[in-house]
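Dear colleague,

Please find below the structure I was asked to pass on. My findings follow it.

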Amino acid sequence: MEQQILEILKEEYPEIEFETDKRLWDDGILDSVTLLGIVSTLNMEFDISIPYVEIVEANFNSVAGMARMVERLQSAKK
């Protein structure tokens with residue numbers, strides 16, 4: 001899942017170093033527009049709906065956090 005998300009995000013946002021940055025949210029690398037774009041992309045790509053309460057640092061500081069969130073939301077959907 002992590003690799004799949006990484007590939008999608010690298011294509012959409014080539015200017016961001018998703019592989020090396022582990023504090024995307026905390027360090028301000030993700031601005032509000034980029035964050036909303038990522039939420040929208042993950043929603044479409046993985047057929048999920050990321051609720052507002054999931055838009056927190058732990059879920060968006062790294063690709064690993066995003067992958068855990070997507071997997072959790074997919075499991076809850078079943």
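Two residues are said to be in contact here when heavy atoms of theirs lie within 4.5 Å. Please note that the model is a predicted one.

By that criterion, and leaving aside neighbours within four places in sequence, phenylalanine 60 is in contact with Leu24, Trp25, Leu30, Leu35, Ile38, Val39, Leu42, Glu54, Ile55, Met66 and Met69. Phe60 also belongs to the largest nonpolar core, which has 23 residues. Together with Ile5, Leu9, Phe18, Ile38, Leu42 and Met66, Phe60 is among the residues that touch the most other members of this core. At least two core residues are supplied by each of helix 1 (2–12), helix 2 (32–46) and helix 4. Helix 4 provides the largest share, with six residues.

Serine 62 sits in the loop that runs between helix 3 (57–60) and helix 4 (63–77). Serine 62 counts as buried because its relative accessibility is 12%, under the 20% cut-off. A polar atom of its side chain lies 3.1 Å from the backbone nitrogen of glycine 65. Neighbours within four places in sequence aside, serine 62 is in contact with Lys22 and Leu24.

Threonine 41 is placed in helix 2. With a relative accessibility of 9%, threonine 41 likewise counts as buried. Not counting residues up to four places away in sequence, threonine 41 touches Ile8 and Glu12.

With kind regards

Terms used. Residues numbered from 1 in each chain as written. Predicted model: local features only at pLDDT ≥ 70, side-chain atom pairs only at ≥ 80, totals over all residues. Heavy atoms only, no water. Helix = DSSP H or I, 4+ residues; strand = E, 2+ residues; numbered from the N terminus. Buried < 20%, exposed > 50% of the residue type's maximum accessible area, 1.4 Å probe, protein only. Polar contact = N/O pair within 3.5 Å; in protein donor to acceptor, adjacent residues only side chain to side chain. Core = buried A, V, L, I, M, F, W, Y, C linked by side-chain atoms within 4.5 Å.
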